[in-house]
Amino acid sequence: MEYRRLGQTGLEISTIGLGTNNFGGRIDFEATKKVLHQTMEEGINFLDCANTYGAGKSEEFIGQVLGKEHRHEMIIATKVGAGAMGGPPPGPNQKGATRHHIMTEVEKSLKRLDTDYIDLYYMHRWDADTPIEETMRALDDLVHSGKVRYIGCSNYTAWQMVEAFWTAKSQNLYNYCCVQPEYSLVIRDVEKELVPAAEKYGMSLIPFFPLASGFLTGKYTQGEEPPEGTRFAGSPNMGNKYFNDDNWSLLGKLQSFAGERGHSVSELAFAWLLGSPVVPSVIAGATKPEQVTANAQAAGWQLSSEEMAEIREML
Ligand SMILES: NC(=O)c1ccc[n+]([C@@H]2O[C@H](COP(=O)([O-])OP(=O)(O)OC[C@H]3O[C@@H](n4cnc5c(N)ncnc54)[C@H](OP(=O)(O)O)[C@@H]3O)[C@@H](O)[C@H]2O)c1
């Protein structure tokens, strides 16, 4: 496994990370345990979670599986501020990027993860109702307290990320070291603004849905029903986002490109993202240990500049 620096920190994370939004939802504790053990076996040290995944179950399962024995081997990222958490009954302050919600939720995440620190704490999304200074100060306090070691943002636009950056910088507060948007061979909106902004401000970009939720694994076929047990079989609307003529045609070309070089299209999806200088790690979700192993193998494929240019032509 290769490890790269996270933003301008000294922290090294594995180029292949593990997304954990399937834990406690699509997969139960026993299946989660197998996936996590395989993750450690492969040398993957970067876990991506959120307080909302599996309504808290994902953090809980991670805490139970890692225990005190393995906690320090892993870099655990989790998030706050996506949806309402807490209750019942749901109250007006159980959401967003307020000091109130952040301080309440961090304690719950620490408890579920069974740890006294979170390596990387993300604001899950921009909160237009809360002043960014309030959010950045609350996160800065968490770093000073030792409960959180590094901070990041997710689903921010470029202007929001830069607004947060300058707010923190002008007040001498700890700053975001990375941003986490959706980015893959089929969803590339971030290339216009966010990628150049991340480069300029020295932030890493950690893509989510690197496999386009499984579309880029080649498990789905145009005109056929999604296979039993796959994500799109359970969530047809998610599939519709990717199932269009342009993407099917592109998938065919990418499969040929990867196949001619003895690789799978999912390996290409990871290798292409890791070919970008702002991307230190890709977080792929997995429901089975075999998927973790397959994804870890992609870390060994480095695309040449000619190959990157050839793919750019296809895109
Ligand atoms: N910040 C945010 O707002 C946000 C939003 C979404 C996700 N995320 C993060 O990003 C992570 C990754 O996203 P994701 O898991 O949803 O999507 P993804 O990595 O694009 O796709 C994961 C799906 O691909 C399939 N898969 C993975 N490896 C495979 C392999 N080797 N062979 C065949 N199929 C394979 C599995 O599908 P099956 O389930 O069909 O087996 C898995 O559920 C999440 O776990 C989460 O941590 C963050």
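Me: Before we start, how do you know which parts count?

Reply: This is a predicted model, where local features need pLDDT of at least 70 and side-chain atom pairs count only at pLDDT 80 or more, while totals for chains, interfaces and linings use all residues. Residues are numbered from 1 along each chain as its sequence is written, and side-chain values use heavy atoms, with hydrogens and water left out.

Me: Which residues around the ligand come nearest?

Reply: There are 31 residues around the ligand, and those that come nearest are N21, R26, D48, S154 and R231. A residue is near a molecule if one of its heavy atoms lies within 4 Å of it.

Me: What makes a residue of that shell nonpolar, polar or charged?

Reply: Its type decides: Ala, Val, Leu, Ile, Met, Phe, Trp, Tyr, Cys and Pro count as nonpolar, Asp, Glu, Lys and Arg as charged, and the others, Gly among them, as polar. Sorted this way, the shell holds 16 polar, 10 nonpolar and 5 charged residues.

Me: What is the space taken by the ligand called?

Reply: That space is the largest pocket. Two elements give two or more residues to the shell around the ligand, β10 (282-285) and α11 (289-297). On a 1 Å grid over the protein atoms alone, a pocket is an open set of points with protein on both sides within 12 Å along at least five of seven lines. A molecule sits in a pocket if more than half of its atoms lie within 2 Å of its grid points.

Me: Now for A212: why does this residue count as buried?

Reply: Buried means under 20% relative accessible area, exposed means over 50%, and partly exposed is in between (1.4 Å probe, protein chains only). A212 has 0% relative accessibility, so it counts as buried. Its place is the loop between β9 (204-205) and α7, where helices (H or I, at least four residues) and strands (E, at least two) are DSSP runs numbered from the N terminus. Phi of A212 is near 50°, a positive value in a residue other than glycine.

Me: And why does A55 count as exposed?

Reply: A55 reaches 64% relative accessibility, and therefore counts as exposed. This residue lies in the loop between β4 (46-48) and α2 (57-71), and its phi is also positive, near 50°.

Me: What makes S235 partly exposed?

Reply: The relative accessible area of S235 is 28%, so it is partly exposed. S235 sits in the loop between α7 (231-234) and α8 (236-242).

Me: Why does T9 count as buried?

Reply: T9 has 14% relative accessibility, so it counts as buried. It is in the loop between β1 (3-5) and β2 (12-14). A polar atom of its side chain lies 2.6 Å from the backbone oxygen of L6, and one lies 3.0 Å from the backbone nitrogen of L11.

Me: And how do you know that S281 counts as buried?

Reply: Its relative accessibility is 0%, so S281 counts as buried. S281 lies in the loop between α10 (265-274) and β10. The S281 side chain reaches the backbone oxygen of S14 at 2.7 Å and the backbone oxygen of T15 at 3.4 Å.

Me: Last one: why is A269 called buried?

Reply: A269 has a relative accessible area of 0%, so it is buried. This residue lies in helix α10.

Note on methods. On a 1 Å grid over the protein atoms alone, a cavity is a set of points where a 1.4 Å probe fits but cannot get out, and a pocket is an open set with protein on both sides within 12 Å along at least five of seven lines; lining residues have an atom within 4 Å of a point. A polar contact is a pair of N or O atoms within 3.5 Å; within protein, one must be able to donate a hydrogen and the other to accept it, and residues adjacent in sequence count only if both atoms are side-chain atoms.
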